[in-house]
Structure formats: structure tokens, C-alpha cells
Amino acid sequence: MEMSKWSVMMKDSPKMQLSMLLLFILASSASVYFLERSVTAFLLLLGSLLLLHYTSLSNRLKWIISLLLLVVIIPFATSGGTSQQDYMEVAVQTGIYIAMALGLNIVVGFAGLLDLGFVAFFAIGAYTYGIFASPQAAQLFHSDFFPLAGTWFWPFIIIGGLMAALFGILLGIPVLRVKGDYLAIVTLGFGEIIRIVFNNMDKPVNITNGAQGLSQINQPEIFGFTFSLASQFYFIVIAILLIVIIAVRRLEDSKLGRSWKAIREDEIAAQAMGIPLVKTKLWAFALGASFSGMMGVVFSAKNMFVDPSSFTLIESITILVMVILGGMGSVPGVILGATIISVLNLQILTEVTNFLTQNFSISDTLSPMKMQRLIFGVVLVLIAIYRPKGLITAKPKKVDPGKLIDQPTTDK
Amino acid sequence: MRKVFLIGLSLSLLSISAIGCSNNSSGNVIKVATQSPLSGNQATVGEAIKNGAQLAIDDHVEAFKKLGFDLKLAPYDDQADPKKGVANAQSIGADPSILGVVGHYNSGVAIPSATTYQKNKLVMVSPANTAVELTESGNKSVHRIVARDDVQGSADANYATNKLHAKNIFIIQDKTAYGQGISSKFQKQAEANGAKIAGNEGITSGEKDFSGVLNQVAAAKPDFIFYGGIYSEFGILVKQAREKGITVPMMGGDGVDSSDMYTIAGDAIKDVYYSTTAADVSNTTEGKKWAEKYKAKFNKEPQSYAYYGYDAMNVLLKGLEDAIKKNGNKKPNREQVLDAVHAIKDYQGIATKVSFDDKGDNDFAKIFIHKFENKQYPGPLVGEEGKQ
Amino acid sequence: MSLLELKGVTKQFGGLTAVNQVDAAIKQGSITAIIGPNGAGKTTLFNLITGIYKPDKGSITLAGTSLLNRKPNQIAGYGIARTFQNIRLFKEMTALENILVGMHTHLHSSLISTLLRLPSVRKEEDNAARHAYQLLQTVGLAEKCNEQAKNLPYGEQRRLEIARALATKPKVLFLDEPAAGMNPKETKVLTELIIQVRDDFDLTIILIEHDMKLVMKISEEIIVLDYGQKIASGNPDEIRTNPRVIEAYLGKGAVRNGL
Amino acid sequence: MSNILSALPQVLVDGLTLGAIYAVVALGYTMVYGILELINFAHGEIFMSGAFIGTGLLLSLGVFGIAMPAWITLILILLLTALLTGLLGIGIERLAYRPLRKAPRLIPLISAIGISFILQDLVRFFAEFKTGNYIVTGTTLFEGKVTIPFSSIIGTFHNATIKNNTLILIGITIIIMILLDIFVNRTKWGTAMRAVAQDQETAALMSINVNKVISLTFFIGSAIGGATGFLFAQQYATIDPYIGFILGLKAFTAAVLGGIGNIRGAMFGGLILGVLEVFAAANLSTITGGVIGSEYKDVFAFTILILVLIFKPEGLFGKSVKEKV
């Protein structure tokens, strides 16, 4: 009784929600700041973004609060203890996955094309920067111009994106004749081909340095400042991520976005409406791939190292899981899905197992450390069964009919 | 539904809050981390490294207690994944009680993770990484007690051409960083020694059917086969080669150094050689005692990497002790530990003697060539070669 | 002058000749019905004209332009729109979005300007939404504009499909069994709607329909297909009295029913 | 070139061996897909579980000192393994797929991946618990090999050797495929299965118990997958919990190559893929003069797959279905 009254009150009053939210942010960021190291507090702080999503505040206010959270509060709160780089590493990797998941969401969620080789585009971005910003290029072209300095990182974000988009199109042209689950296996094959080729292009001409990977990749640099710590990369990732989110949001409700969804729902009807199938699908491939490519550049610059083992099929599947878990076609859902999976994998499972192994003596076979795959599997099955439409289901865009009748259209 | 979801979320968060908070460390705890693959298909090796390190920690707990410190192992699972390795490295860096790292197994994970250690001024002692790159990039944190690929590859090639008189060699490798690294160094040296390379082919690790490549080997009729990769594939490869009537000598690097070779290849294991960077300690009394201790604790035979893990951790702990003493029996900072470890000379470990050079490579890293014979493990020693 | 011309259009599936040497000339602004028993090749003929299938023989021209070897989306661009026998709406999208998809060929914002959300894009989108809303009003679905297509009742789905086709601003509108599954009242509303949109939007309408009352009421021209062949054409009175039609299509029972 | 030709018999023999395994595992994918339009990602893990269950049974026979003629042991273990993995398949369907039948199309994929991880880790756990190592090497029932004198047929051919084990493997897989083909095409339950694959609702109206048919499909697919797992363990002696993943992937590729949902297609797809793969591994570097080596064998296989699908999008043996407009 009390509970329902409370929730009604919360539901009806945005002000109430806002103050609760601010309180929550304050409490969680304070605990992140003052506690030496608390994963819980950090997760709660991240969770405030989710709470924000569920409030009934205006969109503009939501944007402002989330920007404040991401750009000011989180970096500041984490700077309190010694764990800053740890939190930030998780945040950076999560950000990279979110961008990739949003890219895949265009392909799978919007356009309905099942792609099981998506990580290939990430690899292309990573190698594009990796080759030119490491001693590899100097050896390849026998030129002193290479390796490119860290200042080249910035244009390479775009170049990496474009390269990935180009490969997206090259893959798409032959592949898009294939439908449904056949497409899945063809893209899977493409992903594997890319990885195997990268793994073996050390001969006859050494382009990728094969399985040894590329090391000593230059880190980003601007006005003499070098980005080397996770807390510094965080801002690059946030910036790209914001661009990606805005782009996806704009695409979603555009002519192209509607065409994707139309194709997903019914190809024949979509064609009858004048939508060119191949071109529209190629755009989905290219744009989705470009997000991945951009983050690939960031990835190689951050790790200063790339090798083919980062781009296995499991990665592609993980990104797909993020999209489906979050809710196909739903932008906030996909962001949540990517966050949950990467935080789960990078922090929660590690923390739980560390806690258990460092505090109790457990026989080796039983060690939960080795059970991560099992736990991950159980989580996936439970989610599939209990939230089959994803955590945040995609909702069609609603319009206010009142706004549509005001002025009669003059367009005819 | 939403509410239920939110309540569930907060409950799950609360339930792990205990974990988050209890991680706070008091001032006299010193931890040393290990990073190795503890899950996935390389877990056997990763676990051996961790177990070896664990034994070393156990040996030192008392001594550190006397110094006033509570010594603990913090094992991390890098999943053989660079991303996971780097994330772990950040989290290791964030835990102020951790003063050093023993790891990794995969060079692909070690190289990017080492960058993070360097930023945190953490010392890393590698029990297994042989990639040349690792110590060539000028990273101050990196140390290793094992021989580099170039040393081992050329030692193997010298043995093959000089002692076994191989003239026409076929190379197979698993196309991992390790396999590619060691086999290309082997090929270089073998060619320099005048042998002909009949082929250099890759297999896919994790597969079990290598008949395709072996048909090619059969057609090329080599007099020697070198394999760059690890034992789980090599065992099968040996078996299938013998089944196909390919009877020429075969050889692998330290990756195939495992007693499991006998189980996997069975009776097919004839004329098979391997090189290792660890001296055979199974026959020394000390080695036997150690192996028994290991078995008593973990209920398993120690793999070679357990010895490396043990030695790597001991080297690190030696440096740690030095740093503590130098710091007036107070807890040293990471940089002090790093310097102390870097300065270690002539440390006698159970498998190898250790003196670090400027780059962090071990001056005493030696290559020992063994033969798999009579189900004896390690097999009889048939040759050895030092650095250069 | 006829707007759409078919000459000797033929399509075979394996051994079966689904459409056989069909000629037709559709007059601008007319309402033409294509009738015939099940399997007579009516829908196949639609699919041939709208480019879903390619004819084996014959020619199809719209205002003098050949429609052969064009993709369905290109044909849509020439001004041919259609509805489907087994309703093909974009189910997860709202009624309004369905219409907006129909306006695809008339929206011109480039990708870059969309990403930058230039004022021109916003204006175009606003206008499109208003126009789409008007179309919904035309078919009486304005208050359902935010409803997902899959949640609409059957009759409304049919009407939404017509509105979506209208959004492509077609010259010729093909309706494939628009009254199927409707009750007499709904059919009456639909009949009026078809005539109204023909007049308001200056359309040429071709429809396949089994409801003879509707066919006879609104068509100016009727084409009768049987086993893929055109067996008769003419105005409703001619068709009503054509013995071949009664024989082959309507059968003897129909004569008794007073048609 | 003469090398390629003379080694051809051996390459064919090896390719067919590998292909036979792919083919039988592909059957499991194709049957489930045919009926539920679901890529049962966990099928590779069922195969792997079969390998472990069979090897475990064999090893425990040794522990209890039960001695039987090798062929009786083989048949006994095959049947037991098939039964157990079949039940495992039914269990997985009940637990992870049936609740999701009305869910969006890709959701079952998630639970399939989840089940896959769970099986991998459980098997690893039990293997390690029992033996201390998850890489398990079993005993071989049939030793020895035979030589087929291809050279006496055509002079340029070299002889090919086949292990007895391989002959048994090929023999049993062929029997499985023939039995399955008869079952699906000639029996009441097989007809029901095809009916459900065509149209679940109509089949239900014809008083076919759809749930039962789906369970049966999972049982048969998993049983033959598991039995093949044991044959695989016999053939290659060494198994680990991760063999199912790569092999499952290849088998699924084979199913698609043959036209997914088509049982005969899966068989041929498997055989073709096996031969292609071994051929590529054996000959790629000879053909390209060393530029591209055997490490590109999977690239070669996938390229063929992509080419086939581009020119025949429904797979080699699939029927092209025109969508009704």
C-alpha cells in the first residue's frame, strides 16, 4: 500500500524524480570519491544514467544531466582514490563496446540483417591506424615519413571509420543477395577470413606482422599533450560516443532509418514503396561498420598494440549478445546491454572471483575464477527467458497529432 | 515490471557491495598478482603458472610475517585476451597493496598489459613470454626469466642441423604469436646452417585433424620436422604423422614441453625432441622434493610452467625483500621494488639461474634439448646451448 | 490515350503458364477491375507490372516508358503504387511511419544534412509528417497515427495500406483485393473511398476484386482473366452479359443468381 | 601438379573422414533449423559432450575391468552415448528453447549461446574434477590400418592408408545417414516431422503433437551428434571441451552449403566441405607456389561457401522458395 502510493507520487512528479535522482548521484559519486575502491559504488553511479532514462524529465534535461554525469561527475568522482585508472579502463572499454553495439544495432536492429562477423570492421579500423602509426609502415614503405606521429590520430579516427565503411560496402555488394540466416553464415565467414588474413599477412609481403601483431603504436597527441592514461582516453571515447549516439538518433527517425526498418519488416512492400534494397542495406553496413572502425582506431592507440587474437568470432558474438540483450533497435537498450555485458565481464565477475579466491581457500577445480564462462552462460539463458524482448524494448516514435494539424501543408 | 527490474538491479548491486568494500586493504598487506589464462583452452598452463607462484608465496609467508607484512597472492585471469589483460592490469595498478606481477603466458597479452604496468611503475616478471618484442620496446617494467624466441629458435636449428644432420626441413606452426615467432627464428638459423626448408605451413590451433598438412609433408619427403606451437596440437600431430608413415625426427620448442605428450601421442612418440629453457630438476633431490610438495598441494604433477611460475615469483619476492630491507623494513613503493628486482644478479632458482640485463632479459637463460623417450618426463637431456 | 499499355505479356512458372499473351490498355483516370477465378493469374499480372516478377514475353509501358527490366523500387518511382492481397504493412512501425515510408521517393535530404540535422531537413520532415497526417485523415485513421500497424483491426490495415500507396504520389494505383474479409458496411465505406481518392488524387486505379457488387459499381472497364488468358474486357454491362464470362468464370450457378 | 594427383587418393580418404563427421553433425543443425528455424548453436557442444560421455564410459569400463569384444563395446557405448546426449538435447530444448518459441527470432540464439558456454564449462569442470586435466586422451578400441592399393589402379596415384578406426567411423556415419533418411522419408514420425517443418500450425490442426515432434527432432539430432562425438574421440584420441565450437561452426557451414533444412543437403555439404578443407591444406601452397599456405584452408572453405551462396542463395541442394506475394 505504502509502496504503491510512493510509486504513484514518484511517477507523477518530475520534480520529485529529479531530486531523488540528484540525491542518488550525490550519494553514489561521494562514495566513489571517498571509498578507496568500491565497485558497487561505481556501478551505482553508472546506474544513475539508467535511472535517468526512466524518469519523465524532458529530453533536453536528460541530455544535460547525462552530459554532466559523463564529462564532469564521473571523472571527478573516480579521481578520489587510487582506483581511477581501473574505473576508467572499464569505462573506456565499455564505451568502445557501446559504439560497436550501436553500429551493429543499425545492421541487426534497424535493418534486420544478421551479421556474425561484425568485429572484422573493428579490426580494420584498428589495423588502419596500427600499421601507419607503428614502425611497421616504415618497414613496409621504406620511408622515414612513417610511423605517423600521434597528432595523426585525429584524422585517422575518420579514416579508420571510412576504411571500415568501405569494407562494409565491399562485403555488402556480393553478400546482400543472400538472405536471412544464410547472410549470418556468410558474414561469419567474412569475419573469419579477415582475421585469418590479418594473421597471415606477414608473408609474402609483411603488411600486418602476422600473429606477432603490431606494437609501439603511437598514442594520440594534441598541442604537445599525449594521451596515455585510461582517464585521458575516456574523454576521447566519450566524445566519439556522443557523436555516434547523436548520429544514430538522427538516423533512426530519418528517411534512411525508416527505410531500414521497412526493409526489416517487409522487403517486398518496402521495394514497392520505392526503396532500393541493395543501396539501403549497403548504407546500413557502411554506417554500422564505420562506428566500429572509429573505435578500432581508439583501441589500437590506447593499447599501443594490435594482434589478430582480439578479433575472434567470440567477439562478434559478444557484440551481438549486447544488442539482443539490450533490445534490438532500441538505442538506450543497446547502450544498457553493452554496458552490462562489458562491466559484467571486465569488473563484476573478476571482482567476485578475486574476492572469493583471495579470502577463502577454495580447491582449484571449484575456483569460481574458472566458472566465468558458466556464469556468463547462465546469465544469457536467464535473460533470454525472462526478458526476451531485451531489457529496454524498442518503442516506435510517437508524434503529437496536435502539431500536425495546426498549419495546413502547402506542399502540393 | 520496471519497478521489479529496478529493485532487482539494486538488490544485485547491494549483494556485491560487501565485496567492493572489503577490498580495502590495510597498510601491512603486500600482494603480488599473477596474470595468466585461468579459463578457456589455455587454462592448464595458466593454472600451472599460478600454482607455481602460489607455492613460492607459501614459502615466503613466514619470512614476511617476521618483517611485519601479510603476504598474499592475487591471481588474475587474463583469459588469453589482450583487452582483459589490460583491464586487469589497470585494476592491479589500482590496488596499492599489489607491488608486482608475475605474468603472462601469451605475448599478445603481455605486450599491451606491460604498457599499463610501466605507467604504474609495477615490476613484471614473466615466467613464459618468449616474444622478442617484449623486451625490445624499452619498457622498464618488463623482466623475464625464460629465453627469447630468437635464442631458442636458433638453438633448436643448430641442434637439428648439426647434431641430427637435418638437410631438408619441414616447418609446421600454429600461427600464434609464439608459434610464428619461434618457427621463423628457427627457419632463419636453419637456412643459415645450410639446410633446405621444404615448407612452412600453418595449422589451426584447437583442431584435431591435421591430415591435410601431413599429406603435404608426406609429399615433400623432408628428413626433419620442426613444430612451432604447443603440446596439445603437437601430440596429435606426432601421432597422425606416424600413422601416415612419416617417421622422420620431429622437434618442438618449449611450448611442447609437457608430460601430456606421452598421453596424447601414445606409442607414436619416437624420435621426438623438444627444447626447454628450464634445467631438468626432476632428478635433483631438490626438484623431486618440490614436485612432491606441488603434488601434495594441488593434487597434480607439476608442468614445466609451474617451475617457471615458481621461479618468477621467487625472483620477484627476492627483489621485494631487498626493497623492504633497503627501505628500513618499511613497506617500499613500487618503484623501489622495480629497481630491486631489476638489480637481481645470480639468483639461483629451481629451474634456472637469473641475472637481468638492461632490457630485462635473463643472462642465464639457457636452452636444453630433450628427447621424449621411455615415457620419461622430462625426457633425457641430449643437448644444451647458452645465450648467443 | 491510354496511360498503361500491356502487349502480349506472358509469364511461365515451370510448365504452368500463369499469364498468357495478355493485352490491355488502361485509360488515364479510369477505374479498371481485373476479375477471374482463383488462380487465373490476376495477382501474377500485378506482380509483373510492379516488377516483382519479370515477364517472359511482351511489353509493359507507362505513358510511353517501358517498365521492363526495372526493379520494383524503380517502377514505384515511375508512379505505380500498390497494395497487397495478404496485407504487407510494416507491422512494428506506427501508422504515421508507414505513410512516411511511402513518401520515400519524395524526400530528398542527404545523409550528411540528416546527420547535421540542417534546418532544411527539419522542415522537410515536418512537412512530410503533416502530409502523412493528412493522408491518414483521408482514409479516416488520423486518430490512430501513433498506433503500431500490427495493432490495427483488419479493415483499418487495408485502408492504411491504401494511404501508404497514396503517399508515393502514384499515377496508377493497384489494389489487390481491397475488400477481402470486409463486412458489407466496411465495403461500402471502401467503395466510396476508392472513388474519392481517384478524384482527389487524379489517379488511375486498377483493382483485383472478388466482390462483384463492388466491381460492378465502381469500374468503368473490366478485364476478365481465366487460366492466364484475357477472355473478355469491356464495361460492366458488356461483361455482365458476355456469355464467355458467364460460362468460364461465373459458371451456371451465377446465372441463376441473377447476375 | 603430379604431386597433387598422386596424393589425391589419400587426400580424398582423409577429406571424406573429416567430411563424414561434419556431415553427421550438420544433420543436427539442419534438422533443428528445418523445424524451428533456429540456429542451435549449442549443437557443437552436444557433440563435444558426446565425445566426453563416450570416452568416460569407455574409461570406466577399463576401471571396472570389464572386458568385451571391441565391437560389442563400441556398439554398447555408441548406443548409451546416443541415449544420454539425446536426452540432453531434449532437456536443452525444454529449458532454453521452448519458453522462447513466441519470442523474437534472434532471442533463442542468445540462450543457445548461453547453453553452449554452460556445457563447455560443465564438461571442463567434470573432466578436470575426475582427471585433473580437461584434455582427455581415451583408449582406442581398434588399432591397425589397411592400405588401399590405388597405385595398382592408376599408376600415378600413391596408395592410401586408412586406419581401421576410420573405416568404422565412415561405416557408422553412413549407416546413421541412411537410417535417418529412411526414418524421415518413410515412417509416420518422419512424416510428422516434415509436416511440422512445413507448417507448424497446420500440422497441429492435423492432430500432430508438435511439441512431441520437436522433442523427437532434438533427441535424434542430439543423439547422432553425441554418437559422432564418441566416434570423433576414437578417431583422434584426444578431446577437450572446446572441440565442439570450431567443429560446430564447420558443420553449420556444411549445413548451409548443402541448403539448410535439407537433410541430404547437409550430408553432401559435410562431405564436400571436408574434402575441400583437406585438399586446400594439402595443396594450397603447391598451387600458389608458396604464396598462400595451408593456414588459408578455412579462408578457402569460406570463400567457396560465399561463392556458392551468391550464385545459388538457397545452397547446393536447397529448393528456392518463392515468397508468396
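**Chatting through a four-chain model**

Student: Quick one to start: does A:Phe223 count as buried or exposed?
Tutor: A:Phe223 counts as exposed, because there are 5 C-beta neighbours inside 10 Å and the cut-off for exposed is 12 or fewer. Keep in mind that this is a predicted model.

Student: Where is A:Phe223 found in chain A?
Tutor: In the loop between strand E2 (221-222) and strand E3 (225-226) of chain A.

Student: And what's phi of A:Phe223 near?
Tutor: Near 45°, so to speak on the positive side, in a residue other than glycine.

Student: OK, over to chain C. What does C:Asp202 have for phi?
Tutor: C:Asp202 has a positive phi too, about 60°, and this residue is not a glycine. The place of C:Asp202 is the loop between helix H7 (184-201) and strand E8 (204-208) of chain C.

Student: Does C:Asp202 count as buried or exposed?
Tutor: Exposed, because C:Asp202 has 11 C-beta neighbours inside 10 Å, and 12 or fewer is the cut-off.

Student: Zooming out, how many helices and strands has chain C?
Tutor: Ten helices and ten strands. The radius of gyration of chain C is 19 Å, close to the 18 Å from the globule rule for 259 residues, so chain C is as compact as a globular protein of that length. Its C-alpha atoms fill a box of roughly 65 × 40 × 35 Å along the principal axes.

Student: How much of chain C counts as buried?
Tutor: 47% of the 259 residues. As for contacts in chain C between residues at least 6 apart in sequence, 64% join residues at least 24 apart.

Student: How many residues of chain D are in contact with chain B?
Tutor: 31 residues of chain D are in contact with 29 residues of chain B. On the chain D side, the elements that each supply at least two residues are helix H1 (2-36), strand E3 (160-163), helix H10 (243-258), helix H11 (263-287) and helix H12 (297-311). By class, that side has 13 nonpolar, ten polar and eight charged residues.

Student: Which pair of chains shares the most contacts?
Tutor: Chains A and B, out of five pairs in contact. Chain B and chain C do not touch, with their nearest C-alpha atoms 22 Å apart.

Student: What about the core? Which residues touch the most other members?
Tutor: In the largest nonpolar core, which has 442 residues, they are A:Ala101, A:Val298, B:Leu316, C:Ala132, C:Leu136 and D:Ala23. H1(D) gives the largest share of this core, 20 residues. Leaving aside neighbours within four places in sequence, D:Ala23 is in contact with residues including D:Thr173, D:Met177, D:Ala254 and D:Leu271.

Student: Now chain B. How is chain B divided into domains?
Tutor: Domain 1 is 27-147 + 285-356, and domain 2 is 149-276 + 368-385. Their contact takes eleven residues from domain 1 of chain B and 13 residues from domain 2 of chain B. The domain 1 side has three nonpolar, seven polar and one charged residues. The centres of the two domains are 30 Å apart, taken over C-alpha atoms.

Student: What pLDDT does chain B average?
Tutor: 85, with 92% of the residues scoring at least 70. Over residues 11-25 of chain B, though, the pLDDT is below 50, and beyond near neighbours in sequence this stretch has 26 contacts in the model.

Student: Which peptide bond is cis, with omega near 5°?
Tutor: The one from B:Gly103 to B:His104. B:His104 has its place in the loop between strand E3 (98-103) and helix H4 (107-119) of chain B.

Student: Last one: is B:Ser154 buried or exposed?
Tutor: Buried, because 21 other C-beta atoms lie within 10 Å and 20 or more is the cut-off. B:Ser154 has its place in helix H6 (149-163) of chain B. Setting aside neighbours within four places in sequence, B:Ser154 is in contact with B:Lys185 and B:Gln189.

Methods:
Residues are numbered from 1 along each chain as its sequence is written. Chains are lettered from A and ligands numbered from 1 in the order in which they are written. This is a predicted model: local features need pLDDT of at least 70, side-chain atom pairs count only at pLDDT 80 or more; totals for chains, interfaces and linings use all residues. Helices (H or I, at least four residues) and strands (E, at least two) are DSSP runs, numbered from the N terminus. The radius of gyration is taken over C-alpha atoms; the globule rule is 2.2 Å times the number of residues to the power 0.38. Two residues are in contact if their C-beta atoms, placed from the backbone, lie within 7 Å. pLDDT is the predictor's confidence in each residue, from 0 to 100. Ala, Val, Leu, Ile, Met, Phe, Trp, Tyr, Cys and Pro count as nonpolar, Asp, Glu, Lys and Arg as charged, and the others, Gly among them, as polar. Domain bounds come from an automatic or database domain assignment. A nonpolar core is a set of buried Ala, Val, Leu, Ile, Met, Phe, Trp, Tyr and Cys residues joined through C-beta atoms within 7 Å.
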